[in-house]
Every structure is written in structure tokens, then in C-alpha cells.
Amino acid sequence: MLNNNKITNKKIVSVVCIFLLLLTIFRLLWMFYYQTPGQPTVKNGVLDLRNWQFEENDTFSLDGDWLFYPNTFLSHGTSSVNHQSITVPESWENLLPERTAFGFGTYQLRILLPKKEKELYSFYFKEVATSSEVYVNGELIHKAGQPGESKQSYTGYLQPFITTFQSDNQELTILIHAANFDLSHAGGITKSIRFGTESAIHKEVMSTMILQTIVASILLLHVVYALFLLFINRFKQKEVIYFACLLFFAALSILVDDDKILFNLFSVNVEWSVKLASISFIFLIFFMLRFNQYYFSSKHRIYHILYILYGILLITCIFAPLKYFPYVFLFQIFINIGSYVVMVIHTYRMIRKGLAGALFIFLALISNFSNLAWGIAINLNIVDIPYYPFDFLIAIILFILLLINNALQLKKENTQQARKLEQMDVTRNEFLANTSHELRNPLHGIINITQSILDDEEEKLSPKHKSNLKLLVDVARRMSFTLNDLLDVAQLREDKFILNKKNIHLSAITSGVLDMLRFMTEGKDIKFDLQIEEDFPLVPADENRLIQILFNLIHNAIKYTESGDITIKAEHNRKTVTISIEDTGIGMDEKTKRSIFEPYEQKNAGMTALGGIGLGLHITRKLVELHGGEIQVQSTLGKGSTFYFTLPLLDKTVNNVDEKKEPEHLDSSIKINQEAENLLPAISQPEAYNHKPRILLVDDDPVNLQIIQGVLDKTYHISVALSGEEALNLIKNSQWDLIISDVMMPNMSGYELTQIIREQYSLSELPVLLLTARYQLEDIYNGFRSGANDYVVKPVDSLELKFRVRSLINLKLSIHEQLRMEAAWLQAQIRPHFLFNTLNTIVSLSDLDSERMIGLLEKFGNYLQRSFHVTNSETVIPLNNELDLVRSYLYIEKERFGERLTIEWDLDIININIPPLSIQPLVENAVQHGVLKQIEGGTVVIRIKKASNGVDVIITDNGVGMDQQKINKILNNTLTAFQGIGIINTNKRLKKIYGKGLTIESQPGIGTTVHFTIPDTITSKAATKKDYSDRF
């Protein structure tokens, strides 16, 4: 989320400098705290502590110049002149004769102690690569692995260890036999050795290990907490997933690095102790990258490049032998630094844009980078610092503060949004109530005027006009009913409802309601089953409100039922009547059942897409409760629903007379704008077409279909479908110029229908116009994203509809004509150098072979005649005409290139029509860009064979071939200039006519095969009907 508090460059630099300064100060204070001031160092293989005043917690680093005996296991009491001075800690490869880290040798150190009684002393070896034996005054006190003079006699061990011994001597001679045949990048004593009293060493080591364990435990606890949050939110928060993974591998990296605490619990060999440490850091930085990218919603390709590099690094780390790990480490350091640079730059830009929380991530990255830099310095033995957790902890704390800040910000926004929504809810209700009041009078005026025209016997109206006027009355009445719902909601909220109860004949009332709604079953296989006896006891209720209750429930059942029965039953006991409406529709899930009676709640719009504003069932519940009853629902998804409601039953009832009600119909999606058409007679005249364009109307509402059909049927041939499935069947079996579809339909919405159509047809091949009553921007966006050409909000003006339909059909027809003409134009663009070369060949043959010259002239003349023939603008031509052009072209090329070009024919005798210029461009491409690109030339094979599903046309060459990237460019129309235009045009026209284009298979250096199929439905007549995929 962006805010207006953008931070300037100066402020960012100041914050970073102060932050780095604080990190460095804390690190130096930690280092000074653990350093013993004035501590003596090892010189010439001797550490002199005779004048040192031992304190209780004093420990010493045995860094300095030791004596080293390469390729020798020296025993106590023996001497050897073959010794050298070696710096500890440091790898020994420069001192071994082979100049490699593989080898063995002996380290020697003499420690001079002050006079003292027997004392327990300890050494802490952090790393001796990769096996060792420790001797003190000739006594073996510890063995780590098995040092050996060869790989066969050697066993590796790379874990830290403490060894303790007792001595009262003032001089200690330390011999360390070390051998390494595992690590190629380091051998010998590569980490500092700590020496001191037993209590001091154990205290120092245990404090460090406990600190590492605490930090790792804190991180793992946060992992568990993050997983708990993810479980509650059903794993929807990806940033929390990445953060949990980041914390987990951060904890793992602590446990497998430094003191390698995890390996005290699980024994692993040298190879996997190194690899696990590297793998943990790989995943740590990887998930840090993922968190950074997801949080900032970045799609920059540098992230994907880094992910690929980390994948390569991970595979290399797992499978590469240890001898290659120096290169793996360098590669890992390079990628890690690159990742930090990318994240820092990206985060810096987000800070400059004012993104809330970006500063937390920026400082966390700085802290992590500081930790990485110090870690590299420690591993290179530039500095020696005990385990320092704070850089890493600070980074994790900053990440946690970021998430907390986001949560608080989200809570604040949710609170503000809730208040805003509450106010909007009040405003909406007031608006709906006021609008309903304002619309009722003009709507009733429309009904009254129309009805008076219908009732006037002096008016001589045609049957069609009478039918249209009756339909207008039905639509207006249904709209009035919707407005009544809005007014009812307002009255219910204000408790202004007053019931006028009287004894009602339930069977008669229900029968009347069924008559009102019977028109809605048109186009559906639905049967009403009324199971209420005529002698059913009278029910005390408000007649109008009871009709409204039954109307809403039965109307709801019809909307969500495509076929089956709708059963209305009633039962009673001494106190209550129970009325049930049972359907065999789509049913609903548990979540929907819990909210079905709430205002503005509906079933899943993607499943049902039947419109409405979600007030009917809410009003029904309120009306039932006002009568003193209850309403419930039982439903099974996919099987149907049953609504039950109860009403109190009085002992004494009086008979009541039924009243017949007029059927009320759905609101129309079209406004017949006769006034506008009268004012604009010229532009409202229908378009003149050679043949009536064919339009398919798709809507589950028969009323809307009838109205739209009445508006358009003078100019267009109209067909209708009541569902998306029915529309797909019609599209499969016929050719259409325009699809007009409602968005909100049961089972298959207009969006889904459009998406399926777009799998087969482009925007220009079959335009789609969507009609909907929803006007939110996201709905319009979804319409265009699904592939619609145009999107009209209902109620749409009839004149507007006519012009939109005309524009889409004209666009479709013009593009179709352009595509046909393009093929002829392409052939007309015969390359000048082709003409020039052909004429040169003719001239050359005039001196050499006049007979061949005459033959070439004939073929060249036929080629030009066929290339410019008027039939090239037709949709299809006879196959023989196309083959005649191909033969002429190949004859010319054969005369020009001789033995470099070989032609093979494999033709079945087939009488079919094919698109003009569909084979010749493919053959020319095989010749020019295939075989003739090779010095030795090659062979082009033309096959036309009868197949099970039609006729296969196959052009094969053994030329230079091409890669998949170029194939994709050809098939996706992305080549530039004139490169491959002939093939692209052929592919487009084949898709247009047959529903499927070219298939290209090619390998560089081997050759290319281009294939297309003429379906069986295409005969020798002109093919205009398309072949649809199985999905249609």
C-alpha cells in the first residue's frame, strides 16, 4: 500500500548509515567483550603463560606460529628436522609437498604454565579438517575420526569437540595428528583452538551453544505460529508461507553452522555436514527473495533468473563431489551477493515510491548483509569472533515488525471500511426507497396507458402489435413487483408493516400464484405438482403478503431448476400450518444455506447467474415472522432444495373469496426507443446486405429473447438458445455472424460461453456481444477479458443495440473479405529477383537448348496466369488448379537449380476444393528456406492422401529446418515485415475455414514437415461451413 510520506534520498542514506554504524558498534563491543586483553600469542611453537595471572573464566586462543611436520605423524619424545612454521588457524596446502589440501601431518605446540597444583584443562577444537588425534605429553586424550596416511586408512570427522585432561606439569607438549582426504579447499586446523581450565572452557562453549539454541528455538516457535496462522486462513497468505520457510531455514542454518549443534544429535559424515550447511543458506536466501518479490508484487525477470541460478546451485550442491566445492562456494557467494543487491535496489525504489513497510525490509536486508559480510570474514580467518546472533535477530525482528505493522494497518483500514460500509448501507437503503417511490408513478402510467390502448375496441391493432403491447404490460408489472420489493425492505427496516389478516383459502391462492409463474417455465422441462386439498382448513393471513411469500419461494424454485418437478404441499395440526415448496434443482451448500435469508444474498452467481438483487428470500422470512411463523430450508447440492414455512392456525375461520391475479413477467433488457428512431430516420434504416447475417441470441429468459428478436428480425436472421449448452450445439452445426448472450444464465454464464467460443474463434471470426444488468467496472472488465467484442448494460436502448449489432457484423464481414483479398495480394507480390532470375534462365536457355526454353516459357506463363487469376479471391478453388500452380513453380525452380532440387509426388486421386494459394506458399517456403539453404540442396515431397477424417496435405523437406521458437513465431503471427507472411496467411485462412490451421514439425539440420487436413465435410462445392472442435 502506498502512502504520501515519501522518504528523500538524503533521509534514506542517513538512516542506513546510522543503522550500519549501530550494527558495527554492537559487533565490535561483542568482540571486545570476549577478547582477553593483553593475551599472549603462540610464537615459534611456544605459548608462554608462566607470568599470566589465571582468572576463573580466562580462556586463550591458540592462534599463532606452530611447528608443523608435513606428511609425518610425529610421536612424543622423537624429533624431526623436517619441520616448518605454520600459522594457526590456516589451511596447510602451501606447506604440503603436493601443494594440495589432501594430505596429513603433525602440529606441535609447547605451552608453559605457571607453577600450580594438579588442574583440569580443556581444549575446544572448532574445526580440524578433517580428522585428528590429540596428544598431551605423549598421552592420547582425544580422537576425532581416524587420521591416516592414505584415503584407505583414513576416516573423516568435521564436528567441534572438547577434550579435557589433568596435569600438574609446567610444560605441556601438544601434538595433533591431522589428516584430510575429503575437503579440497581446506585442510588442517582451520578454526581457532580455545584453551583454558575445564570450567572456563565448558562455560564459554556452553554459553555460545545455549545462545544458538535459544535463537533457533525462537525462530522455530515463530514458524509454528506462522503455520497456525496459515491453517486458520486456509494457507491463503503467501507472504506468511515464505516467511515461515525463511525462519525455518534460518534456524536450520544456525544449527548446522558455527558449533554444529544439530550434528550432536544426528551423526553425519564430512560430505553431508558441509552440504547441509550450504543447502540451508541456499534456501534461506531463496525464500528471502520470494518474500521480497511477493510483498512488492514484482514480476521483474531478474527474480526468475535468480531462482534458476539457485536451482542450479542446489542441484550442484547435492550431487557434486566435495573436491569441487571451492567453486560451489564461490558460485554461492556470487549469487548471494547478487540477490542482496537486487533486493536492496528493489526495496530502495519501493521506499522512494512511499510503500508502507518497505523501510522495515530495507533495514532487515542491510542487517542480513552485514551478517553475511562478517560471516565471510570469519570463514576467511580475517577476524575471530564468537557466535554473534544480533544481526540475524534484528533482521528477523524487522520482518516480524513489518508483518505486525501490516496487520495493524489492515485492521485500521478494515475499521474505517466497516464504518464507511455502514454509512453506505444506510445511504443505499435510502436511495433505493426514494428511487422506488420516484419510479412507481411513471411505471404505473406506462401500464395504464398501454392497457387502455389494448382495451380500446376502436383501435385496430394487428395481432403482432397486440402481442407486443401485452408483453410490455407484463414486463412493466414485473418491474413494478421488483420496485415493491425495494419498498418492502425499506418498510421492514422501519417497522412500518401492518398486516391485514383474514381467512385465506390456501389451495386457491397457491393455484393463482402458479398461474402467475407458469410463463417462466417456457423452455424448461418443469412440472408443477400442487398437493393441497381443496378442503384444507382456512389460514388466517394477509392475503397479499401470503401471495408474496408463495410467489417468492416458487419463483426461486423455478429460477434454480432446469427440469423436474416443483411440489407444493401443506400439512396442519391443531395449532400450525406447514407449507413446503420442494424442487429438483441445483441445491445449495451449507455456507449458502446459512446466509440464504440475509438481504442481498444469492446463490453462487457463477453457478446460477440468474440475476436479481437478493431481496426476495429476505422479505419472505420477514413476512413469515410477522405472521408469527418460521421458515427453514433443507438442501443437498446437486439434488434440490425444500423450503418450509409455518403459519399459526386459528380454530374459527371464515370463508374467503379468491381473487384472480394477472400474471407478472420479468423485467425486459431492452427499451424500445421508438421516439429516437423517428427522430433519426436516416441512420436508423436497416443495413443492406447481400444475405441476411445470422445472429444467435442466448438468454434463459424467453421474454428477453422475444423482445430482442422483435427488434432485430427485420434485418437479420435470428435464432435463439435458452442456455449456454444449447448455444454451443447450435454453433457446432451452423455458421453465425454474431452471438448476443446474456451474462447471467444458469449452469453456464455468458463469460464461460464466451471463453469456450474464443478457444475456437478469434474476435474477428465470431463477434460476441454480452448483455447484462450489472454495470460495475469489474464486471465489464471480466466481459472483455473473457473475449467479448462489446458489452452492453441493460436496459439497453433499442437504437443503441441496432447500431452496436450493425458495427460488429460489418467488422466481421469486412475482416473476412480482407482475409480473402490478402491471399490474392500476397501472390501478386512476386519477388522481383524471382522474375529476374527466371527471365535470365530463359535467356540462357535460348542459346543452349531452345526446346527447354520453350517449356520453361510455357510454365512461367502458366505460373503468372495462375498467380494473378481472379479465382484467388474466392474462398476455395479446385485442388487441380492449386496443383497446376505448384507444378509450374517447381518446374521453374527445377530448371534453375537442376540436381540441387529433387521433387517427389505422392498423390491420391481426390476431387476436393481447397483454399487458393494454400499449398504453393508452403512448397515455396520448403524450397527457398529449406533445401536451397544447403549447398548440396535436397528433396521436397508433396503428399496429398485420403485419411480417416478427411484429406491430409503434407509438405516435407530435408533442408536446414528451424527451431521451436521460430515455429511458435510463425504460428502465433509474430514474424516481422514479410518474413513468413505467406505461411501466416495460409494458417489464418485454414483456421477460418476449417477451424484448425497448420501443424509444423521441424528440427535444425534435419528438415521440416508442414501438414494440414481438409475435413470430410468439405466436398467439391465451395466450402463455407466451419469444422468445430469436439468441445463444440
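This is a predicted model: local features need pLDDT of at least 70, side-chain atom pairs count only at pLDDT 80 or more; totals for chains, interfaces and linings use all residues.
In which loop is Pro89 found? Pro89 sits in the loop between strand S4 (84–88) and strand S5 (103–112), where helices (H or I, at least four residues) and strands (E, at least two) are DSSP runs numbered from the N terminus. Residues are numbered from 1 along each chain as its sequence is written, and side-chain values use heavy atoms, with hydrogens and water left out.

Back to that loop. The peptide bond from Val88 to Pro89 is cis, with omega near 0°. Arg99 lies in the loop between S4 and S5 as well, and has a positive phi of about 55° without being a glycine. Arg99 is exposed, at a relative accessible area of 55% (buried means under 20%, exposed over 50%, partly exposed in between; 1.4 Å probe, protein chains only). Most residues other than glycine have a negative phi, and most peptide bonds are trans. A cis bond also runs from Ala129 to Thr130, with omega near -5°; Thr130 belongs to the loop between strand S7 (128–129) and strand S8 (132–136). Asp258, in the loop between helix H3 (238–256) and helix H4 (262–265), has a positive phi of about 55° too, and is partly exposed at 24% relative accessible area.

On the whole-protein level, there are 26 helices and 34 strands, and 48% of the 1032 residues count as buried. Among contacts (heavy atoms within 4.5 Å) between residues at least 6 apart in sequence, 74% join residues at least 24 apart.

Leu284 touches Leu246, Phe249, Ala250, Ser253 and Phe392, leaving aside residues up to four places away in sequence.

Then there is a helix pair: the axes of H12 (residues 543–559) and H14 (residues 616–626) come within 9 Å and cross at roughly 145°. Axes here are lines fitted to C-alpha atoms, for helices over the stretch in contact, and angles run from 0 to 180 degrees between N-to-C directions. Residues making the contact include Ile549 and Leu553 of H12 and Leu617 and Leu623 of H14.
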